[in-house]
Amino acid sequence: MAPNPRALASTTAAALILLSAPAFAQTAATTSGTVDQTDPVEVNEAEELAEEVDDNINDELDDLLGEEEDDKPWSLGASLGFSVGQGTFVSVANDTQWADQVGDASRAYDRVSMRFGVSGSYRVQDFSFSGSLGFSQGLTANNGINGSYETRLGDLGLSAGWKGWSFESTGISLTPSLSVALPTGRTSRVSTMLLSTSVGLGLSKTFFKRLTLGASIGGSRTFHRYTSPVIDIDDIGEANAIYRYDGSEAVEPGRFAVGGINTPYSLSTGLSASMRFPHKISLSIGYNLSTAWSYRVNESDEFSSQYECRGVRCAGQGAAGSVSLSYKVTDWLGASLSARTFGGPRTPDQRSLVFPFWNFNGAATNQSTIGLGFNGSY
């Protein structure tokens with residue numbers, strides 16, 4: 001099977017322009033109005049699965065690569081990536097009186113993981129259809145929410161896109177997309193997700209055949225069986241099932257809800273910029289701001305906190321920033337080095353905005369990661 005450089009180039013361009021497409025992975029909003037982002041890697045990596053790009057961008061890539069348009073309607077792709085959290089570079093010394101009784105905690109904040117994904121797409125005239133699936137493997141002892149060295153399968157993502165509208169007078173292109181996710185991942189199954197749907201609209205304009213600026217908006221609707229994540233008692237043992245703790249409660253025989261509330265709605269907006277340099281090098285930067293609304297399950301009473309969120313649903317915000325340097329190794333293989341940060345858009349005291357591309361407030365949270373990735377396409 002011969003390599004297809006068009007598919008690889010289209011994948012790279014689409015990832016840069018549609019950087020802030022709605023995420024497939026689910027988060028939980030607490031009753032205090034904040035979003036629980038226990039493992040943001042799943043959210044950011046789901047957004048990296050690329051879609052087919054519009055005809056104007058294809059023409060531009062033909063000029064840059066010096067190739068004719070590939071008429072093959074299908075493509076297959078695979079990606080391999082490694083992610084290192086900033087906490088990995090922090091060592092903790094135990095200088096307490098119990099230092100000789102507990103294990104070494106110097107590597108307590110290590111967070112290193114590997115991710116592998118596969119994807120395929122098929123083009124029918126002006127429409128494209130694609131699917132993707134991936135899994136992540138924790139490479140450090142504390143890299144996982146269910147156990148050490150955790151292996152986690154992601155959700156099966158299916159998407160459809162249309163080449164959109166191109167306005168020759170302004171050079172602006174609009175590209176709509178539709179996506180669904182099926183709960184093949186354990187995180188989604190625990191959250192009792194039945195189906196996640198999302199729609200998006202991307203806007204882009206290229207200057208000097210080198211610089212591409214983009215903006216996007218998207219929304220998602222996720223359907224759940226229960227308002228909170230639910231697990232089987234048999235999975236953890238009857239003795240470990242603590243009811244009414246942190247909102248936990250039995251929902252049916254043999255199953256109980258764990259802390260956190262599912263989020264059925266989300267809205268995201270994003271900005272991106274990419275620059276192509278000689279020698280097959282490109283640089284991209286992006287920023288995404290999202291808001292998620294959780295189910296409203298608690299009624300206020302005389303014991304409720306004055307800081308508890310009010311109204312029909314509680315809302316929380318998250319922000320993601322990324323900087324990526326890419327290199328086209330061969331016609332079918334590419335490599336990238338990136339830095340990504342995910343967390344709240346404001347400081348804990350809500351007095352100022354945080355720097356969006358690196359977390360300077362504490363490495364232990366691992367909100368910022370450095371990634372090395374490889375991707376290929378036929």
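Guide: Let us begin with a definition: a residue is buried when its relative accessible area is under 20%, exposed when it is over 50%, and partly exposed in between, with a 1.4 Å probe and protein chains only. The model is predicted, so local features need pLDDT of at least 70 and side-chain atom pairs count only at pLDDT 80 or more, while totals for chains, interfaces and linings use all residues. Residues are numbered from 1 along each chain as its sequence is written, and side-chain values use heavy atoms, leaving out hydrogens and water.

Visitor: What percentage of the residues of the chain count as buried?
Guide: The chain has 378 residues. By the cut-off of under 20% relative accessible area, the buried share of these residues is 40%.

Visitor: How many strands are there in the chain?
Guide: Helices (H or I, at least four residues) and strands (E, at least two) are DSSP runs, numbered from the N terminus. The chain holds five helices. Its strands number 19.

Visitor: What share of the contacts with a separation of 6 or more is made by residues 24 or more positions apart?
Guide: A contact means heavy atoms within 4.5 Å. Among contacts in the chain with a separation of 6 or more, the share from residues 24 or more positions apart is 66%.

Visitor: How many bridges join β4 to β5?
Guide: Two strands pair if DSSP finds at least two bridges between them. β4 covers residues 112-124, and it runs antiparallel to β5 (residues 127-138). Within this pairing, Phe 116 stands opposite Phe 135. The number of bridges between β4 and β5 is twelve.

Visitor: Which residue of β4 stands opposite Ser 79?
Guide: Strand β3 (residues 74-85) is antiparallel to β4, with eleven bridges between them. In β4, the residue opposite Ser 79 is Gly 117.

Visitor: What distance separates the C-alpha atoms of Val 118 and Gly 77?
Guide: Val 118 is found in β4 and is partly exposed, at 38% relative accessible area. Leaving out residues up to four places away in sequence, Val 118 touches Gly 77, Ala 78, Gly 131, Ser 132 and Leu 133. Val 118 and Gly 77 are 41 residues apart along the chain, yet their C-alpha atoms are separated by 5.8 Å.

Visitor: Which residue in the hairpin of β4 and β5 takes a positive phi?
Guide: Most residues other than glycine have a negative phi. This hairpin has two residues between its strands. Although not a glycine, it has a positive phi of about 55 degrees, and it is Gln 125.

Visitor: Which residue forms a salt bridge with Asp 126?
Guide: A salt bridge is a side-chain nitrogen of Lys or Arg within 4 Å of a carboxyl oxygen of Asp or Glu. For Asp 126, the closest N and O atoms of the pair are 3.9 Å apart. The pair links distant parts of the chain, from the loop between β4 and β5 to the loop between β7 (156-162) and β8 (165-167), 37 residues apart. The partner of Asp 126 is Lys 163.

Visitor: Is Lys 328 buried or exposed?
Guide: Lys 328 forms a salt bridge with Asp 331, with closest N and O atoms 3.4 Å apart. Asp 331 is partly exposed, because its relative accessible area is 40%. Lys 328 has a relative accessibility of 14%, and therefore counts as buried.

Visitor: Which residue in β19 is the bridge partner of Gly 334?
Guide: β18 and β19 run antiparallel, joined by nine bridges. Gly 334 in β18 also stands opposite Lys 328. In β19, the bridge partner of Gly 334 is Asn 375.

Visitor: Which residue has its backbone nitrogen 3.4 Å from a polar atom of the side chain of Asn 366?
Guide: Asn 366 lies in the loop between β18 (333-343) and β19 (368-377), and it is buried because its relative accessible area is 10%. Leaving aside neighbours within four places in sequence, its contacts include Gly 85, Thr 88 and Tyr 109. The backbone nitrogen that lies 3.4 Å from a polar atom of the side chain of Asn 366 belongs to Gln 86.

Notes: A polar contact is a pair of N or O atoms within 3.5 Å; within protein, one must be able to donate a hydrogen and the other to accept it, and residues adjacent in sequence count only if both atoms are side-chain atoms.
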